[in-house]
Amino acid sequence: MSRPLRLSVLDQSVACVGRPQDESIRHTVALAEHCERLGYERFWLSEHHSLPAIVGTAPEVLMAAIAVRTARIRIGSAGVMLPHYSPFKVAEQFRVLDALAPGRIDLGVGRAPGSDHRTARLLNPDPRSANHFPQQVRELQAWVSGEEMPEGHPGRGIQALPRAVTAPQLWMLGSSSYGAQLAAHYGLPYSFAHFISDGEGCAEALELYRQLFKPGLVQRPEANVCVWALAADTEEEAWRLFASRERARVDRQTGRFGPLLPPEQAVRPYDAAEEAFRQGLRARSFVGTGEQVVQRLRALAEALEIEEVVVITWTWDPLAQRRSYELLAGAAGLS
């Protein structure tokens, strides 16, 4: 018997050529409301800084806006780049979010800078901040859950407020074995960023997570993967829309970042190396009709032994992005 498939969403507030950046933020909020109506499980938001392609810099702020406009869907960060911040302050922010949407808040954390190194130094001048990540995760979980700090810890007796019956759920995010091992050690749910590595290392990281898992926040391994996918009413139309992301990915290989181009403007001649990368990208991408894409997502979930896939979709036209999520919801039987 095949596993049930639950679908969730990650949105990055992508910048688009010819459109003010503030519109991308408002489109994200509207998309969250739309995806709640479609039956998606979660709506996660990323954190990036000084990146021309992505204007989602403050997931905790967007989460607050979405919290007061939704009633059922879980809302989360994917993630807060914890080395930039004080774990205590992050705990306070997410406890406030939990007060706005009780029992619906996911606190996903990552170690990557979400930016270039110069920008990272502006967020936290300590160049060794990422070395403290395991300790930060442990402190964050304690303050989020209301657990007392151990004797001798400078935060002992300090509480992250407001307190409530519910609390945010901590998730470990990653695209390598490091996050998998840390999630297993602390007994945390784990999300693998399949869309960053195009799936490379995904199966190995999930297997390592399951092998090393020790009960903690959750009592058994709980994992999902975040996959880039795009659906349209026809396969031809889906591949046409895909040209925007295809151009962005090819350009990124040579350090060129910019707002998303409309499909018609995205097509350009590629040299041999770029063409080889382009063909590999197309072969690995989840693109087609709703039924075609969901069939591939189900196959991936079966192969990885997971029950939830988080879908990220970039399109220049926000209506095409909404339509993609509609088609996937229909093909997956969400309600």
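Predicted model: local features only at pLDDT ≥ 70, side-chain atom pairs only at ≥ 80, totals over all residues.
Strand β7 spans residues 223-231 and is mostly covered. Nine of its nine residues are buried. Ala223, Val225, Val227, Ala229 and Ala231 point one way from β7. Asn224, Cys226, Trp228 and Leu230 point the other way. Residues of both sets are buried.

β7 pairs with strands β6, β8 and β9, taken here in turn. Strand β6 (residues 190-192) runs parallel to β7, and three bridges join the two. Within this pairing, serine 191 has asparagine 224 of β7 as its bridge partner. Strand β8 covers residues 286-288. It pairs with β7 in the parallel sense, over three bridges. Here alanine 229 stands opposite phenylalanine 286 of β8. Strand β9 (residues 308-312) also pairs with β7 in the parallel sense, over four bridges. Cysteine 226 faces valine 310 of β9 across this pairing.

Aromatic contacts come next. The structure holds eight aromatic pairs. One of them joins tryptophan 44 and tryptophan 171, with ring centres 5.3 Å apart. Their planes stand at 70°, so the pair is edge-to-face; the cut-off for that class is over 60 degrees. Tryptophan 44 belongs to strand β2 (residues 42-45), and tryptophan 171 to strand β5 (residues 169-174). The pair therefore ties together parts that are 127 residues apart in sequence. Both partners are covered. Tryptophan 44 has a relative accessible area of 2% and is buried. Tryptophan 171, at 0% relative accessibility, also counts as buried.

Phenylalanine 88 and tryptophan 143 form another pair, with ring centres 5.1 Å apart. Their planes are at 65°, so this pair is edge-to-face too. It links distant parts of the chain, 55 residues apart. Phenylalanine 88 lies in helix α3 (residues 87-100) and tryptophan 143 in helix α5 (residues 133-145). The two residues fall into separate accessibility classes. Tryptophan 143, at 8%, counts as buried.

Tyr190, Tyr209 and Phe213 form one aromatic cluster. Tyr190 lies within the residue range of strand β6.

Charged side chains also meet rings. The charged end of arginine 19 sits over the ring of tryptophan 316, at 4.4 Å from the ring centre. Arginine 296 places its charged end over the ring of phenylalanine 286, 4.3 Å from the centre. Phenylalanine 286 is the β8 residue that stands opposite alanine 229.

Two helices cross. Helix α9 covers residues 235-252 and helix α11 covers residues 272-284. Their axes come within 11 Å and cross at roughly 130°. The crossing is right-handed.

Glutamate 222 sits in the loop between α8 (202-212) and β7. With a relative accessible area of 28%, glutamate 222 is partly exposed. By contrast, the residues of β7 itself are buried. Glutamate 222 and aspartate 98 are 124 residues apart in sequence. In space, their C-alpha atoms are 21 Å apart.

Notes
Residues numbered from 1 in each chain as written. Heavy atoms only, no water. Buried < 20%, exposed > 50% of the residue type's maximum accessible area, 1.4 Å probe, protein only. Pairing = 2+ DSSP bridges. Phe/Tyr/Trp six-rings, centres within 6.5 Å; stacked < 30°, edge-to-face > 60°. Lys NZ or Arg CZ within 6 Å of the ring centre and 35° of its normal. Axes fitted to C-alpha atoms, helices over the stretch in contact; angles between N-to-C directions. Left-handed = near helix turned anticlockwise from the far one by under 90°.
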